[in-house]
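Let's take a friendly walk through a protein model together. Have the sequence and the 3D view ready, and follow along one stop at a time.

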Amino acid sequence: RSLDEAISLLKASLSDAKSAGATSAAAIAAAHVCGVLTFSDPRAAVAAGEEAVALAREAGDDYVLAVALNNLGAPTMALGENEQATAYIEESLALRRRIGDVSRIALSLCNVADMALLKGDVVRAATLLAEAAEIATAIGDKRHISFAHSGLAWVAYSERRWEDADAHARESLRLGQELGMKTLVVEEIYCLAGTAAARGDPTRAARLAAVAELHQS
């Protein structure tokens, strides 16, 4: 019910902003509709995201355009259009670098790294994540420090560096728990389960996987 209420309110905000000729406000509302719908209805999310991008371009608002492009990446990827998703996220990163949106540069770096890792480009992913961690640490942004460690955990996991994967996952998990980020907590528990299994401890791996399943329920 709360999700439906959120979508309803965001759509009302979008409609009101368009009626008032507040194009940037309409764009950010549409971008949030995209974000909220990403996992429940990716096609509707893409439609909202595309509207957000068009409105932001019309307004000439690079900050909002970067948000819209970033949000559009996830549902586009959910529909299997990975190359297009990467293009959206890369453009968002370029815009954020240009306008100096430091915290969100770290976020975009993590997102681009995720796409690189998905393609098997582990070296590029590691480079992007190291930059994200450095930027986020410099400004004390725990959320994006956590994201960077999460990515670095999976980079290490893919390279079978189990101790490094475990260390990064633990740090990401610690920060995620501190900030109440349930989704990230689940992802890192799965990573820890995988490293436990790889290091010959199936009992611990099973317990961790069960905990992750419990958090998802």
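**A cluster of rings**

With a relative accessibility of 27%, Tyr 157 counts as partly exposed, because buried means under 20% relative accessible area, exposed means over 50%, and partly exposed lies in between (1.4 Å probe, protein chains only). This is a predicted model, in which local features need pLDDT of at least 70 and side-chain atom pairs count only at pLDDT 80 or more, while totals for chains, interfaces and linings use all residues. Residues are numbered from 1 along each chain as its sequence is written, and side-chain values use heavy atoms, leaving out hydrogens and water.

Which ring does Tyr 157 pair with at 5.2 Å between centres? The partner is Trp 162, and the planes of the two rings stand at 70 degrees, so this pair is edge-to-face. Rings of Phe, Tyr and Trp (its six-membered ring) pair if their centres lie within 6.5 Å; planes under 30 degrees apart count as stacked, over 60 as edge-to-face and the rest as tilted. Trp 162 is buried, with a relative accessible area of 18%.

By this rule there are 2 aromatic pairs. Trp 154 and Tyr 157 have ring centres 5.4 Å apart and planes at 65 degrees, so they too form an edge-to-face pair. Both residues sit in helix α8, 3 residues apart, which is about one turn of the helix. Helices here are DSSP runs (H or I, at least four residues), numbered from the N terminus. Trp 154 is partly exposed, at 25% relative accessible area. Together, ring pairs join Trp 154, Tyr 157 and Trp 162 into a cluster.

Now look at the loop between α8 (142-158) and α9 (162-179), where you will find Arg 160. Arg 160 has a positive phi of about 60 degrees, although it is not a glycine. Is Arg 160 buried or exposed? Its relative accessibility of 60% makes Arg 160 exposed.

Our last stop is a pair of helices. Helix α4 (residues 62-78) packs against helix α6 (residues 102-118) at an angle of about 25 degrees, and their axes are 12 Å apart. Axes are lines fitted to C-alpha atoms, for helices over the stretch in contact, and angles run from 0 to 180 degrees between N-to-C directions. α4 and α6 are therefore roughly parallel to each other; angles under 35 degrees count as roughly parallel, over 145 as roughly antiparallel, 65 to 115 as roughly perpendicular and the rest as oblique.

Technical notes
Helix = DSSP H or I, 4+ residues; strand = E, 2+ residues; numbered from the N terminus.
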